[in-house]
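Hi,

Here is the structure I promised to pass on. Have a look at it first, and then read my notes below.

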Amino acid sequence: MKKKFVWFDLGYTLFYQQRESIYQQFLKENGIYISLEKIEKAYHLTDKYFMREYPSVLGKEIQTFYPWYLGVLNFKLGLHFDLSRQSERMQEMQKYMEQWHPFPFVNSVLSQLKRHSIRLGVISNWDRSARELLERHGLTAYFDHIIISAEVGVEKPDAAIFEKALKDAGVSGEECIYVGDNYYDDVIGSSKVGMKALLINRFNREGIEEIRYPHTIRSIEEVPDLLNKMGLF
């Protein structure tokens, strides 16, 4: 069946944070230097650990998990800090920075898909700031439908949030592809309504060794070529 619709997650699919550079600066304040590449990989592995072991935790208020998250991150880098002080300092450092940025290739990818008459949407576990974030970065117009968990009262991987998206768009799951970075929320959730999913994993198989899923990509940059090879445009 021809795919008519591509749905996207938001965090670490369309948007990212500059958290690694903040962490690196915190280390420098403490007389430690670690390369940004090594810090980025440690964040990636910590994200995947939390996605696997503690579903939905990363989507909660930061005060409910941040020291805990930093403890795991520090451990992966062989470091040890007072977590209360570290959490307080890093949140202070982040206070005056833009929290979320679109990846530099987002506009190009979305424009290319739209030019080939692929309809686009968002299905995301996010608070009510999601629409303002999309609008601020000039992305809203790309999307035919935007489904946000805080607005509809249900979160991935519950099938209900995907069913809401399908109903609003007037398409079946078999006509859709979902793109996200969380196997447990995105792949499992979208499969409940018959969607095929592409799983983003920036570091190849690292962090998802327990998953036997063949449809992985490094970023959404690969989506247009994949759709082209599938004969979808």
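This is a predicted model: local features need pLDDT of at least 70, side-chain atom pairs count only at pLDDT 80 or more; totals for chains, interfaces and linings use all residues.

Residues are numbered from 1 along each chain as its sequence is written, and side-chain values use heavy atoms, with hydrogens and water left out.

Let's start with helix H2, residues 36–53. (Helices are DSSP runs of H or I with at least four residues, strands are runs of E with at least two, and both are numbered from the N terminus.) H2 has 18 residues and reaches 26 Å from first C-alpha to last, close to the 26 Å expected at 1.5 Å a residue; the expected span is 1.5 Å times one less than the number of residues. Its buried residues include Ile-39, Tyr-43, Phe-50 and Met-51, where buried means under 20% relative accessible area, exposed over 50% and partly exposed in between, with a 1.4 Å probe and protein chains only. Among the elements covering them are helix H1 (19–29), helix H3 (66–76) and strand S7 (196–200).

Now the rings. The structure holds 19 aromatic pairs (Phe, Tyr or Trp rings, the six-membered one for Trp, with centres within 6.5 Å; planes under 30 degrees apart are stacked, over 60 edge-to-face, the rest tilted). Tyr-43 and Tyr-69 make a tilted pair, with centres 6.1 Å apart and planes at 35°. This pair links helix H2 to helix H3, 26 residues apart, and both tyrosines are buried. Phe-162 and Tyr-178, on the other hand, are edge-to-face, at 5.5 Å centre to centre and 85° between the planes. Phe-162 lies in helix H8 (residues 159–169) and Tyr-178 in strand S6 (residues 176–180), so their pair ties together parts 16 residues apart in sequence. Phe-162 has a relative accessible area of 0%, and Tyr-178 is also listed at 0%.

There is an aromatic cluster too, with Tyr-43, Tyr-49, Trp-68 and Tyr-69 among its members.

Last, which strand holds His-101? His-101 is in strand S3 (residues 101–102), and this histidine is buried at 18% relative accessible area. Leaving out residues up to four places away in sequence, His-101 touches Leu-14, Phe-15, Tyr-16 and Gln-18, where contact means heavy atoms within 4.5 Å.

Cheers
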